[in-house]
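Thanks, everyone. I'll take one model today and walk through it briefly. Please have the structure open.

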Amino acid sequence: ASDVYKRQAYEQGLLRAITDNKDLSQDHLLDELAERMAASRKEFARSLVRQFVLSESSTAIGLVEFSTDARVLPIGGVNGLSFDADALMEVIDAMDSPNGWTHINAGLELGMHVMLGSEPNGTEPIGIEPNPRPNVRRRVMVLLTDGEQNEQFGGKKKAIETAKSVA
């Protein structure tokens with residue numbers, strides 16, 4: 001399990017079971033709790049996908065994974081928005097635990113490019129597919145994170161500024 005989840009399990013007071021079960025080492029218990037937390041985040045993401053009707057006349061979903069950097073997760077061969085719920089579930093199931101810092105700005109900015117179907121300015125093209133429904137007026141971005149933005153990326157204040165700018 002990742003150190004991020006271990007730290008969260010510890011910080012959230014999930015280690016009380018240590019006193020009840022003296023046969024488990026603290027590291028073993030942290031690993032187990034971290035795995036459960038990662039599984040619950042994936043289940044939450046799957047439950048979000050199930051809330052939408054995915055079709056060309058309704059909703060498309062894209063996935064961006066971020067830690068220190070952000071990257072678009074291809075869904076069924078599409079590098080952007082997709083209508084394929086089964087492929088979305090497969091990608092969510094295959095996602096690894098976060099490994100690195102928390103750079104919310106990177107996730108927000110790349111997520112906006114995915115929603116608009118545009119390439120980020122000033123970077124090498126990453127192959128974002130054009131938005132299959134460019135005339136849709138209402139767009140929603142859901143950001144799931146395991147913590148606050150790290151200070152080297154501007155901390156909470158910069159994350160809030162970025163969120164306001166993409167709204």
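Let me begin in a loop. Ser 67 sits between strand S1 (63-66) and strand S2 (70-73). Keep in mind that this is a predicted model. Is Ser 67 buried or exposed? Buried: its relative accessible area is 16%, and the cut-off for buried is under 20%. What does Ser 67 touch, leaving out residues up to four places away in sequence? The answer is Asn 99, Gly 100, Trp 101, Thr 102 and His 103.

Now the overall layout. The chain has six helices and two strands. Along the sequence the pattern reads α-α-α-β-β-α-α-α. Of the 167 residues, 35% are buried. Take the contacts between residues at least 6 apart in sequence: 63% of them join residues at least 24 apart.

Next, the interior. In soluble globular proteins, nonpolar side chains tend to be buried together. Here the largest nonpolar core holds 12 residues. Among them are Ala 45, Val 49, Leu 63, Leu 73 and Ile 75. Two elements, helix H3 (26-50) and helix H4 (85-94), each give two or more residues to this core. H4 gives the most, with five. Apart from this core lies another, of seven residues, including Phe 66, Ile 104, Leu 108 and Val 166.

Ala 87 contacts Ile 75 and Gly 76, once neighbours within four places in sequence are set aside.

On to charges. Side chains of opposite charge can pair when their charged atoms come close. How many salt bridges does the count give? Five.

Start with Arg 46 and Glu 43. Their closest N and O atoms are 2.9 Å apart. Both residues lie in helix H3, three residues apart, about one turn of the helix. Arg 46 counts as buried, at 17% relative accessibility. Glu 43 is partly exposed, at 33%.

Glu 43 also forms a salt bridge with Arg 50, with the closest N and O atoms 2.4 Å apart. Arg 50 is partly exposed, with a relative accessible area of 48%.

Then the pair of Arg 71 and Glu 65, where the closest N and O atoms are 2.9 Å apart. Arg 71 is partly exposed at 45% relative accessibility, whereas Glu 65 is buried at 19%.

Definitions and conventions. Residues are numbered from 1 along each chain as its sequence is written. This is a predicted model: local features need pLDDT of at least 70, side-chain atom pairs count only at pLDDT 80 or more; totals for chains, interfaces and linings use all residues. Side-chain values use heavy atoms; hydrogens and water are left out. A nonpolar core is a set of buried Ala, Val, Leu, Ile, Met, Phe, Trp, Tyr and Cys residues joined through side-chain atoms within 4.5 Å. Buried means under 20% relative accessible area, exposed over 50%, partly exposed in between (1.4 Å probe, protein chains only). Helices (H or I, at least four residues) and strands (E, at least two) are DSSP runs, numbered from the N terminus. Contact means heavy atoms within 4.5 Å. A salt bridge is a side-chain nitrogen of Lys or Arg within 4 Å of a carboxyl oxygen of Asp or Glu.
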